[in-house]
Amino acid sequence: MIDSETIIAEVKEELKNKSVTEVLSFEDIPMPEEVSYMGTEMADFDFGDLMESNDYINKHYQVSVWHPTGSARPLIGPLIGFFQKVMRKLTRFFVQPIVEDQNVFNMNCVRSMNQVRNYIYFDNDIISDRIEMIRQLARQTDNLEKRVAELEEKNKQLQEDKK
């Protein structure tokens with residue numbers, strides 16, 4: 001069994017011995033520009049952003065094993081291309097199943113994201129319908145409250161007239 005408290009104590013002691021005064025948190029680690037668009041911050045929901053991302057993953061979920069081979073170098077380019085083709089053929093038995101598994105995984109992720117998108121889209125429609133129904137009920141309630149107030153006023157007047 002792993003004793004995490006002992007490991008943490010050992011790490012803290014090692015940090016003291018190395019004169020490390022400050023340990024960075026994950027938030028302090030700079031994020032590369034190419035992934036900064038991914039929305040790591042919690043923000044308001046943006047349906048347009050969801051649709052844009054969903055369109056992208058629907059178009060690019062399949063990974064290809066085969067990319068163009070060769071080199072632009074004039075003398076050794078054909079040799080490099082030949083070597084790349086040989087290596088590709090030698091590693092095909094190993095790489096191809098991994099890529100196929102990745103494509104199946106990607107396809108299922110895209111399907112699940114499509115279901116989330118559909119749920120949000122249809123849920124928004126249902127919410128819009130419910131909001132309209134609530135507004136109608138609020139108007140009806142206001143009308144009924146006014147009518148009840150009028151009837152109570154008339155009732156008071158009738159009771160006063162009887163006296």
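Which residues make the nonpolar surface patch of about 860 Å²? In this predicted model, where local features need pLDDT of at least 70 and side-chain atom pairs count only at pLDDT 80 or more, totals for chains, interfaces and linings use all residues. Residues are numbered from 1 along each chain as its sequence is written, and side-chain values use heavy atoms, with hydrogens and water left out.

The patch is built from Leu 75, Ile 76, Leu 79, Phe 82, Phe 83, Val 86, Met 87 and Leu 90. Patch residues have over 30% relative accessible area and no salt bridge, and nonpolar side chains (Val, Leu, Ile, Met, Phe, Trp, Tyr) are joined within 5 Å, like charges within 9 Å. Phe 83 sits in helix H3, residues 77-162. With 52% relative accessible area, Phe 83 counts as exposed (over 50%; buried is under 20%, partly exposed in between; 1.4 Å probe, protein chains only).

As for the overall fold, the protein chain has three helices and zero strands (DSSP runs of H or I, at least four residues, and of E, at least two, numbered from the N terminus).

A search of the whole structure turns up one salt bridge, meaning a side-chain nitrogen of Lys or Arg within 4 Å of a carboxyl oxygen of Asp or Glu. Glu 132 and Arg 139 pair up in a salt bridge at 3.7 Å, N to O. Glu 132 is partly exposed at 34% relative accessibility, and Arg 139 is partly exposed too, at 45%.

Conventions: Areas by Shrake-Rupley, 256 points an atom, 1.4 Å probe, with all protein chains shown as cover.
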